[in-house]
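Me: I have a structure open and would like to learn how to read its features one at a time. Can we go through them together?

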Amino acid sequence: MPLACKTRPANNSALLLAPWFLPADASSHGPALDHQLLLNLWIALSLLALAHLILLAGLVARRRAEATNLWRIEYLPLIALATLFTTLTIKAERLWAATRYTGASLTALQIEVTGVQFAWYFRYPGPDAAFGITRPQLVAPGEGNPLGLDPTDPNSADDQVTSELVIPANREVDLRLNAQDVIHGLSIPELRLKQNAVPGQTIHIHFTPTTPGTYAILCTQLCGLGHYRMNATLRILPPDQFTAWLASKQKAATP
Ligand SMILES: [Cu+2]
């Protein structure tokens, strides 16, 4: 049976009309994850069919409860299943760890992501490549400082805070996730990314986007009454357009 994954376009009308396919794939690690998912599903389906065939065979054949058959009917299938599921688990663990524990390369684009009831904020470190200090007592979304950037820290002067995530195609991105209040869940289906943002922790997750386009960023933790409206937009741009976008943001922030 084919393991090739069918994908559908990432716009909302296609989402309603074609709910049977996986979302479009816009990251370099996505195809391997899709392959693993479909492999698991086909194996589960095959085992379900096999289990019913064995059940049927048991119903029509007269059962001989001899002790010598225990190996054949119980222990061998048990060992085979344990080996199969252990192999699948190790393979899946390696795929997951590749975006989580191996660490990003030194050239990866650093972006901080903060979840707060009920919005996502994204911070770029600016030309100095250093994030400025933030202080909880300075958090003031109404005054344009939703992350509590400390203006006395020189590193914070060129930091850019946005409400949409804009990244260049084909360059590794290293996200550092924070949460200000409760646990939020960063989910970007087209990037095959899902990671909780936990207050008091900085969690890194890295990936390489491949397909330019506009995609939805969701919160997948029930984080409060406004959870339903906690979403944001991801834009993957060709590298030259991303450079122009970042320059325009920095220019607009320069007094
Ligand atoms: Cu949330």
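Me: In this predicted model, is leucine 53 buried or exposed?

Reply: Exposed means over 50% relative accessible area. Leucine 53 has a relative accessible area of 55%, so leucine 53 counts as exposed. Leucine 53 belongs to helix α2, which covers residues 30–60.

Me: Which residues make the nonpolar surface patch of about 780 Å²?

Reply: Leu53 is one of them; the others are Leu50, Ile54, Leu55, Leu56, Leu59 and Val60.

Me: Now to charges. How many salt bridges does the structure hold?

Reply: The general idea is that side chains of opposite charge can pair when their charged atoms come close. The cut-off for a salt bridge is a side-chain nitrogen of Lys or Arg within 4 Å of a carboxyl oxygen of Asp or Glu. The structure holds six salt bridges. In one of them, aspartate 25 pairs with arginine 192, with the closest N and O atoms 3.7 Å apart. Aspartate 25 sits in the loop between β2 (22–23) and α2, and arginine 192 in the loop between β8 (184–188) and β9 (193–197), so this pair ties together parts that are 167 residues apart in sequence.

Me: Are aspartate 25 and arginine 192 buried or exposed?

Reply: Both aspartate 25 and arginine 192 are buried. For arginine 192 the relative accessible area is 16%, and buried means under 20%.

Me: What distance separates the closest N and O atoms of arginine 123 and aspartate 159?

Reply: Those atoms are 2.6 Å apart, and the two residues form a salt bridge. Arginine 123 is in strand β4 (residues 119–124) and aspartate 159 is in the loop between β4 and β5 (160–162), so the bridge ties together parts that are 36 residues apart in sequence. Arginine 123 is buried, and aspartate 159 is buried too.

Me: Where do arginine 135 and aspartate 150 lie?

Reply: The side chains of arginine 135 and aspartate 150 meet in a salt bridge, at 2.6 Å from N to O. Both arginine 135 and aspartate 150 are in the loop between β4 and β5, 15 residues apart. Arginine 135 has a relative accessible area of 33% and is partly exposed, whereas aspartate 150, at 6%, is buried.

Me: Next, the metal. Which atoms coordinate the copper ion?

Reply: To read a metal site, list the donor atoms, then look at the angles. The copper ion is held by ND1 of His184, SG of Cys219, SG of Cys223 and SD of Met230, at 2.1 to 2.5 Å. Along the sequence, these donor residues follow the spacing H-x34-C-x3-C-x6-M.

Me: Why is the arrangement around the copper ion tetrahedral?

Reply: Four donors count as tetrahedral if all angles lie between 85 and 135 degrees. Around the copper ion, the four donor atoms subtend angles of 91 to 124°, and therefore the arrangement is tetrahedral.

Me: In what sense do β8 and β9 pair?

Reply: β8 and β9 pair in the antiparallel sense, over five bridges. Histidine 184, a copper donor, stands opposite alanine 197 in β9. The two faces of β9 can be read separately: Leu193, Gln195 and Ala197 form the covered face, while Lys194 and Asn196 form the uncovered one.

Me: Is leucine 186 buried or exposed?

Reply: Leucine 186 is part of strand β8 and is buried, at 2% relative accessibility. Cysteine 219 is 33 residues from leucine 186 in sequence, but the C-alpha atoms of the two are 5.3 Å apart in space.

Me: Last, the backbone. Which residues other than glycine take a positive phi?

Reply: One is arginine 192, with phi near 55°; this residue is in the hairpin of β8 and β9, which has four residues between the strands. Another is alanine 129, with a phi of about 60°. Alanine 129 is in the loop between β4 and β5 and is exposed, with a relative accessible area of 63%.

Me: What joins glutamine 117 and phenylalanine 118?

Reply: A cis peptide bond joins them, with omega about 0°. Phenylalanine 118 lies in the loop between β3 (109–116) and β4.

Terms used. Residues numbered from 1 in each chain as written. Predicted model: local features only at pLDDT ≥ 70, side-chain atom pairs only at ≥ 80, totals over all residues. Heavy atoms only, no water. Patch = residues over 30% accessible without salt bridge, like charges linked within 9 Å, V, L, I, M, F, W, Y side chains within 5 Å. Areas by Shrake-Rupley, 256 points an atom, 1.4 Å probe, with all protein chains shown as cover. Buried < 20%, exposed > 50% of the residue type's maximum accessible area, 1.4 Å probe, protein only. Donors = N, O, S within 2.8 Å, 3.2 Å for Na, K, Ca; no water. Tetrahedral: all angles 85-135°; square planar, octahedral: opposite > 155°, others 65-115°. Pairing = 2+ DSSP bridges.
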